[in-house]
Amino acid sequence: MIKAFITGATGFVGANLCNRLIKENVEVYVLVRETSNTSVFGDFKDKINICKYNGTIETMQQIISRVKPDVVFHLAAYFVAEHNSKDINNLINSNISLGLYLLEAMKNENVKYLINIGTNWQNYNSEQYNPVDLYAATKQAFYDLAKYYTEATELRMITLKLCDTYGPKDFRPKLLSTLNRISETGESLKMSKGEQEMGFVYIDDVIDAIICAMKSIIKMPEHYNEDFLVAPEKFYSLKDVVKVFEDTVNKKVNIEWGKREYRHREVMKISNGKKLEGWNPKIDLKVGMTKTFSDK
């Protein structure tokens, strides 16, 4: 039985990954803090091995030494689109230090396979290195640090750069949950002109990509290090996303278009990126919206 270790398991994508791995008969270990909400695991919580983390490299080393996983999935991240000074410690601790502790512990225990979750925001205007914001810069910083470990050890790493993810029971305060809320309350929402491109990938397709990466990486030679973009077949403008939502729930939402400026360094077009061999998204936005809001 494959033994998997997951950071960021209590997030939306992480919890869905745990569920899928359990169904595929994988032994799952997750890294959580004392404050983590493990209720997201629901009915499969008793099938997950929970490892408590106190933020130190010593604890990380002890956990990896005890678990000795076959493959690691690094999903943990602190996200903020427009940071202020008080966010910097969280960005560094979650997006750089935790990952570096993990890499060092993996090196010490000769754990060879890492699936790292990145963001398409690491490549503003499709440039090789141009992070959209400080969050994306810290994600890129971890990626650069990991380059040393893949070159100096037997570590193989695949980085999947995600676009917009969504699906049923998504508890994050993101666009679709906001549209869902205002469709019920009738409140208005100020938005930009809505011309920016969005790449929504349904959660089942996202998890398929991660599983595909897991199956691929165990066949790779030492020092392998590649990144791939997990994107839909079709991109939509923000305005078109709202229209698909309205058609799905059969309600109008009160959007005041053009009442907000575009965010600083707004991503108007999704970056280019390599496609992971063996993976194709199956669920388009209209079908995915229906699955997400089928209980309405």
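User: Is Gln196 buried or exposed?

Analyst: A residue is called buried under 20% relative accessible area, exposed over 50% and partly exposed in between, with a 1.4 Å probe and protein chains only. Gln196 has a relative accessible area of 8%, so Gln196 is buried. The model is predicted: local features need pLDDT of at least 70, side-chain atom pairs count only at pLDDT 80 or more, and totals for chains, interfaces and linings use all residues. Residues are numbered from 1 along each chain as its sequence is written, and side-chain values use heavy atoms, with hydrogens and water left out.

User: Where is Gln196 placed, and which residues is Gln196 in contact with?

Analyst: Helices (H or I, at least four residues) and strands (E, at least two) are DSSP runs numbered from the N terminus. Gln196 sits in the loop between E8 and strand E9 (197–198). Contact means heavy atoms within 4.5 Å. Setting aside neighbours within four places in sequence, the contacts of Gln196 are Tyr236, Ser237, Leu238, Tyr262, Glu266, Val267 and Met268. Between the C-alpha atoms of Gln196 and Val267, 71 residues apart along the chain, the separation is 6.6 Å.

User: How many bridges pair E8 with strand E13?

Analyst: Strands of a sheet pair through backbone hydrogen bonds, either parallel or antiparallel. Two strands are taken as paired if DSSP finds at least two bridges between them. E8 and strand E13 (residues 254–257) are joined in the parallel sense by four bridges, with Ser188 opposite Asn254 in E13. Strand E8 (residues 188–191) also has two faces: Leu189 and Met191 form the covered one, Ser188 and Lys190 the uncovered one.

User: What is the order of the strands in the open sheet of seven strands?

Analyst: The order is E3-E2-E1-E4-E5-E6-E11, and the pairing is parallel. Strand E3 (48–52) and strand E11 (225–230) are at the edges with a single partner strand each, so one side of each has no neighbour in the sheet. On average, neighbouring strands of this sheet are turned by 20° against each other, direction ignored. Such angles rest on axes, which are lines fitted to C-alpha atoms (for helices over the stretch in contact); in general they run from 0 to 180 degrees between N-to-C directions.

User: Which helices lie on these strands, and at what angles?

Analyst: Helix H2 (residues 57–67) packs on the sheet, where H2 touches strand E1 (3–7), strand E2 (27–32) and E3, and its direction makes about 150° with that of E3. Helix H4 (residues 134–152) lies across strand E4 (71–74), E5, E6 and E11, at about 155° to E5.

User: Which residues are opposite each other in the parallel pairs?

Analyst: Strand E5 (residues 113–119) and strand E6 (residues 156–162) run parallel and are joined by seven bridges; Tyr113 has Arg156 in E6 as its bridge partner. E1 and E2 are a parallel pair with four bridges, in which Lys3 stands opposite Glu27 in E2. Five of the six residues of E2 are buried.

User: Where is Cys51 found, and what does Cys51 touch?

Analyst: Cys51 belongs to strand E3. Its relative accessibility is 2%, so Cys51 counts as buried. Not counting residues up to four places away in sequence, Cys51 touches Phe5, Tyr29, Val30, Leu31, Val32, Ile63, Arg66 and Val67.

User: How many residues of H1 are buried, and what do the buried residues pack against?

Analyst: An α-helix has 3.6 residues a turn, so residues three or four places apart point the same way. Nine of the 12 residues of H1 are buried, among them Phe12, Leu17, Arg20 and Ile22. The buried residues of H1 pack against E1, E2, E3, E4, strand E7 (164–166) and helix H6 (203–217). Just after H1, Asn25 takes a positive phi of about 65°.

User: How many helices and strands does the protein chain have?

Analyst: The protein chain has eight helices and 13 strands. Of its 296 residues, 53% count as buried.
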